[in-house]
Amino acid sequence: MKKIIILAMAVVLSLSFATLGFSLKKDVEFKGGDAGKVVFSHETHTEKNKLKCVDCHTKLFPMKKSAEGTYTMAAMNEGKNCGTCHDGKTAFSVKDAEKCGMCHKK
C-alpha cells in the first residue's frame, strides 16, 4: 500500500511539472545586445554538471523568467549572477573573450 501511495505521488508531481511547463531540458533565452541573444541550457547545468535547482534558484536567480532581473556583463564580471560560477575556476570565465559563443548566439 505504501508503494502505491508513493507511486501515485510521483505521478501527480510529474504531471504537475508538465502542466506548469517545467522542464530541466528547456532552454531559456535572454536578450543579449550586440553579442547576440543568450541561450541558457538547463540540461547542461543540471544533468551534465550535476547541479540542483536550489544551487542557483533563488540564491542567484528568481525561479521564473518573468521575474528576471537585468543581467549585464559588468555585473557578471563582478562575480554576480552567472559570474558567480563562471569565474574561471568553477566554470569558464565570463571574462574570457574566446568563450562568448558558449552563451551568446547570433
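**Cysteines and their surroundings**

A: Let me begin with cysteine 56, which is buried at a relative accessible area of 18%, where buried means under 20%, exposed means over 50% and partly exposed lies in between, using a 1.4 Å probe and protein chains only.

Q: Before we go on, what kind of model is this?
A: This is a predicted model, in which local features need pLDDT of at least 70 and side-chain atom pairs count only at pLDDT 80 or more, while totals for chains, interfaces and linings use all residues. Residues are numbered from 1 along each chain as its sequence is written, and side-chain values use heavy atoms, with hydrogens and water left out.

Q: OK, how many disulfides does the structure hold?
A: The structure holds zero disulfides, a disulfide being a pair of cysteine sulfur atoms within 2.5 Å.

Q: And where does that leave cysteine 53?
A: Cysteine 53 is in no disulfide, and the nearest cysteine sulfur, which belongs to cysteine 56, is 8.7 Å away. Cysteine 53 is partly exposed, with a relative accessible area of 31%.

Q: Where is cysteine 82?
A: Cysteine 82 is in the loop between helix H4 (73-77) and strand E3 (104-105), and at 28% relative accessibility cysteine 82 counts as partly exposed.

Q: What does cysteine 82 touch?
A: Leaving aside residues up to four places away in sequence, cysteine 82 touches Phe61 and Met76, with contact meaning heavy atoms within 4.5 Å. Cysteine 82 and tyrosine 71 are 11 residues apart in sequence, and their C-alpha atoms are 8.5 Å apart in space.

Q: What about threonine 46, buried or exposed?
A: Threonine 46, found in helix H2 (residues 42-48), is buried, with a relative accessible area of 14%. A polar atom of the threonine 46 side chain lies 2.7 Å from the backbone oxygen of histidine 42.

Q: How much of the whole protein is buried?
A: Buried residues make up 15% of the 106 residues in the protein.

Conventions. Helix = DSSP H or I, 4+ residues; strand = E, 2+ residues; numbered from the N terminus. Polar contact = N/O pair within 3.5 Å; in protein donor to acceptor, adjacent residues only side chain to side chain.
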